[in-house]
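Biologist: I have a model to go through. Please show me how to read it, one feature at a time.

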Amino acid sequence: MLKYESISELVREAEARGVKISELVLQDQSEAMETTPLELYEKMEIDFSVMAASVEVGQRKDQKSMSGLTGGEGWKMKTYAEKTNGGLCGPFLAKAISRALAVAGCNASMGRIVAAPTAGSCGILPGCLVSLWEDQGFDQKDIVMSMFTAGAFGMVIAGRASIAGAQGGCQAECGSAAAMAAAALVELMGGTPSQCADACAIAIANQLGLVCDPVAGLVEIPCIKRNVSGLVIAFSSADLALAGIEAKIPVDECLDAMRRVGDALPDSLKETAKGGLAATPTGLRMQKKVFGSNQEET
Amino acid sequence: MNVFDIIGPVMIGPSSSHTAGAVRLGRVVNKLIDGRELEKVEITLSGSFAQTYKGHGTDRALLAGIMGYHSYSPEIRDALNIARQRGIAYEFIKEDIKDAHPNTARIHYFLADGGEGVMQGASVGGGNILVNQVDGMNVSFNGDNNTILVMHRDKPGVIAAVTQLMHWEYADLNISSFHLSRQSKGGEAIMTIEIDGQPPENLMEAIRKIQHVSNAILIRRI
């Protein structure tokens with residue numbers, strides 16, 4: 001049985017057995033959960049189909065959040081990407097960005113999503129995976145399998161650092177999601193287990209210290225757009241690792257640093273809506289608009 | 001922890017604590033009502049729940065859970081309308097519940113048959129919950145296991161009678177957690193018993209027949 005206490009454990013075991021991390025994890029989890037690999041695979045396949053459906057829902061023109069503060073971002077970006085043949089980022093990345101926005105928007109409008117690892121960061125993994133599936137012709141089976149790699153990396157991050165904004169800031173939510181997605185992308189592109197770990201380390205290092213400062217305490221501003229930066233970092237980290245650029249700081253040490261940084265962050269920057277963008281004059285005005293008064297007064 | 005704690009759950013957004021957890025708190029009340037006809041609920045929201053419930057749909061989520069929907073049910077969005085259609089009156093009250101977790105709700109339900117009850121619990125993060133009170137008595141369970149609440153008079157031997165019955169009549173039954181709370185010595189008391197696996201048939205009836213036991217409720221895994 002795997003312990004999921006370090007990513008080096010996953011890399012070592014996968015390399016020793018000559019399998020992908022996803023294969024190792026699927027086998028291990030089916031033993032741990034006393035079920036068959038097929039049953040777990042099918043469960044993950046449902047998660048992927050929900051992700052693809054939330055992209056659809058979130059790209060509708062009339063998508064609007066419950067508070068009314070946000071809406072339509074996925075549709076705007078998709079339309080722009082189509083009109084401009086991908087704008088500055090190019091067609092593939094621009095469309096992937098629109099998908100991350102769409103899923104995060106779907107979440108904000110009380111649509112159905114898969115927390116991956118959280119609701120606030122739910123756009124990153126689908127933004128990456130649905131794009132490889134729809135635009136690059138990747139096999140659905142490989143995509144679903146790569147989600148076991150993403151999940152296993154997430155388990156280590158959760159234990160070693162955190163996946164909760166209230167505990168570790170946004171680095172724990174969008175940071176973790178990007179790191180998980182980066183590892184999955186590397187595996188899908190045929191990278192080695194050790195390159196998966198490098199991509200994870202690079203993504204974590206790129207988001208260390210990111211604060212959780214939701215305006216009005218809602219999972220909208222800046223969360224929806226942070227799903228985009230997380231997605232872009234996932235792709236760039238995966239490409240770096242695939243290019244053979246190694247993480248200079250080993251991944252498990254990055255996770256330990258992430259935990260210490262999270263602990264050092266003041267409470268005002270950990271989902272309390274008392275610091276960062278939430279505490280700006282405009283952020284406070286929005287809070288007043290949605291709830292009638294700000295939280296200090298109630 | 002397993003891989004689906006990270007990739008998952010499938011849920012209705014926007015917040016695992018303020019939406020998905022709220023549905024699960026509502027579902028505890030659904031289990032307490034146990035199929036009887038519901039007329040009215042008074043829901044007290046405390047702390048962060050009180051401040052941000054509209055933007056997170058916490059009100060809809062709690063009502064949806066009370067009506068038996070799950071944290072992945074698309075009906076959550078329309079829960080206020082669905083409650084009205086079902087003739088369930090609802091009221092949301094903002095009030096600071098002392099010493100409570102920031103995401104706490106207290107749900108007072110009124111049934112068509114004149115019965116009523118109160119549940120208080122908190123959404124403690126990631127969609128997980130902790131139930132603190134049932135009908136004014138302190139309890140402590142998270143809904144992950146099948147949970148048996150035994151209301152009884154605080155007399156010597158009642159706990160032994162319940163656990164002996166569970167052991168001798170149902171050998172496979174294993175208690176995973178036990179909690180007792182009482183209002184005063186010799187007064188009303190409540191046992192919170194979490195069990196592994198499924199409760200056997202007739203167990204609840206058998207517990208209710210034990211001397212000094214006034215009621216026993218099974219709250220199936222949420």
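Modeller: Start with angle words for pairs of axes. Angles under 35 degrees count as roughly parallel, over 145 as roughly antiparallel, 65 to 115 as roughly perpendicular, and the rest as oblique. The axes are lines fitted to C-alpha atoms, for helices over the stretch in contact, and angles run from 0 to 180 degrees between N-to-C directions. Helices (H or I, at least four residues) and strands (E, at least two) are DSSP runs, numbered from the N terminus.

Biologist: What ground rules apply?

Modeller: This is a predicted model, where local features need pLDDT of at least 70 and side-chain atom pairs count only at pLDDT 80 or more, while totals for chains, interfaces and linings use all residues. Residues are numbered from 1 along each chain as its sequence is written, chains are lettered from A and ligands numbered from 1 in the order in which they are written, and side-chain values use heavy atoms, without hydrogens or water.

Biologist: At what angle do the axes of H9(A) and H10(A) cross?

Modeller: Roughly 155°. H9(A) covers residues 170-188 and H10(A) covers 193-207, and their axes come within 8 Å. The two helices are therefore roughly antiparallel to each other. Handedness comes next. A crossing is left-handed if the near helix is turned anticlockwise from the far one by less than a right angle, and right-handed if clockwise. H9(A) passes H10(A) in a right-handed crossing.

Biologist: Which residues of H9(A) and H10(A) make the contact?

Modeller: Contact means heavy atoms within 4.5 Å. From H9(A), the residues include Gly175(A), Ala178(A), Ala179(A) and Ala182(A). From H10(A), they include Cys196(A), Ala199(A), Cys200(A) and Ala203(A). Now sort by class. Ala, Val, Leu, Ile, Met, Phe, Trp, Tyr, Cys and Pro count as nonpolar; Asp, Glu, Lys and Arg as charged; the others, Gly among them, as polar. The contact of H9(A) with H10(A) has 11 nonpolar, 4 polar and 1 charged residues.

Biologist: How do H3(A) and H7(A) cross?

Modeller: At roughly 105°, with axes that come within 9 Å. H3(A) and H7(A) are therefore roughly perpendicular to each other. Among the residues that meet are Leu40(A), Tyr41(A) and Phe48(A) in H3(A), and Ile143(A), Val144(A) and Phe148(A) in H7(A). By class, the contact of H3(A) with H7(A) divides into 10 nonpolar, 1 polar and 3 charged.

Biologist: Which residues are buried in H1(A)?

Modeller: Buried means under 20% relative accessible area, exposed over 50%, partly exposed in between (1.4 Å probe, protein chains only). In H1(A), residues 7-17, these are Ile7(A), Glu9(A), Leu10(A), Val11(A) and Ala14(A). They pack against H2(A), H7(A), H10(A) and H12(A). Gly18(A) follows H1(A), and its phi is positive, near 65°. In H3(B), residues 48-56, the buried residues include Phe49(B), Tyr53(B) and His56(B). Just after H3(B), Gly57(B) takes a positive phi of about 65°.

Biologist: Which residues have a positive phi although they are not glycine?

Modeller: Met110(A) has one of about 60°, and His212(B) has one of about 75°. Met110(A) sits in the loop between H5(A) and S1(A), and is buried at 3% relative accessible area. His212(B) is in the loop between H7(B) and S11(B), and is partly exposed at 32%.
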